[in-house]
Amino acid sequence: MLSTPPGALCEDEVAAQLFISKRTLARRLNAEGTSFRALRDQVLAQQAAGYLRDSPLAVEAIAELMNYHDSANFRRAFKRWFGMTPDEYRKRRSD
């Protein structure tokens, strides 16, 4: 998952890379108590946090790097992942 550009990962491609069907991938992840969306969100959250922590880039630039076409969508996703906005996260990390 980490070898593809952030946000560009889709379930069909992952299944194809593993030489299994999308449905088989979903069943196996379900057996592990997770889903593709949960794993993808986990990876994206880690990448977004890394960008905010380790770079001086603006939130809009990070949203673009993460393959979000609208920074508002990135901000909403980030708040869902961490319970705070990207600006709040960056401020807390710098304190």
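The following exercises, each with a worked solution, concern a predicted model of one protein chain.

Residues are numbered from 1 along each chain as its sequence is written, and side-chain values use heavy atoms, with hydrogens and water left out. Because the model is predicted, local features need pLDDT of at least 70 and side-chain atom pairs count only at pLDDT 80 or more, while totals for chains, interfaces and linings use all residues.

**Exercise 1. The chain as a whole**

State how many helices and strands the chain has, and what share of its residues is buried.

Solution. Helices (H or I, at least four residues) and strands (E, at least two) are DSSP runs, numbered from the N terminus. By this rule the chain has six helices and zero strands, in the order α-α-α-α-α-α. Next, a residue is called buried under 20% relative accessible area, exposed over 50%, and partly exposed in between (1.4 Å probe, protein chains only). Of the 95 residues, 33% count as buried. Finally, the C-alpha trace spans about 45 × 25 × 20 Å along its principal axes.

**Exercise 2. The faces of helix 2**

Determine which residues of helix 2 are buried, and why they line one face of the helix.

Solution. Helix 2 covers residues 22-31, and its buried residues are Thr24, Leu25 and Leu29. Seen down the axis of helix 2, these buried residues fall within an arc of 130°, so they line one face; the arc is that of the directions from the helix axis to the C-beta atoms. On the other side of helix 2, Arg23, Asn30 and Ala31 are exposed. The cover over the buried residues of helix 2 includes helix 1 (11-17) and helix 3 (36-54). Just after helix 2, glycine 33 takes a positive phi of about 80°.

**Exercise 3. A residue of helix 3**

Decide whether aspartate 41 is buried or exposed, and list what it is in contact with beyond its neighbours within four places in sequence.

Solution. Aspartate 41 is found in helix 3. Its relative accessible area is 11%, so aspartate 41 is buried. Contact means heavy atoms within 4.5 Å. With neighbours within four places in sequence left aside, aspartate 41 is in contact with Arg80 and Trp81.

**Exercise 4. Aromatic pairs**

Classify the ring pair of tyrosine 68 and phenylalanine 74, and then the pair of phenylalanine 74 and phenylalanine 78.

Solution. Rings of Phe, Tyr and Trp (its six-membered ring) pair if their centres lie within 6.5 Å; planes under 30 degrees apart count as stacked, over 60 as edge-to-face and the rest as tilted. The whole structure holds six aromatic pairs. For tyrosine 68 and phenylalanine 74, the centres are 5.5 Å apart and the planes stand at 65°, so this pair is edge-to-face. For phenylalanine 74 and phenylalanine 78, the values are 6.0 Å centre to centre and 50° between the planes, and the pair is tilted. These two phenylalanines lie in helix 5 (residues 71-82), four residues apart, about one turn of the helix. Phenylalanine 74 is buried at 0% relative accessibility, and phenylalanine 78 is buried with a relative accessible area of 0%. Ring pairs join Tyr68, Phe74, Phe78, Trp81, Phe82 and Tyr89 into a cluster.
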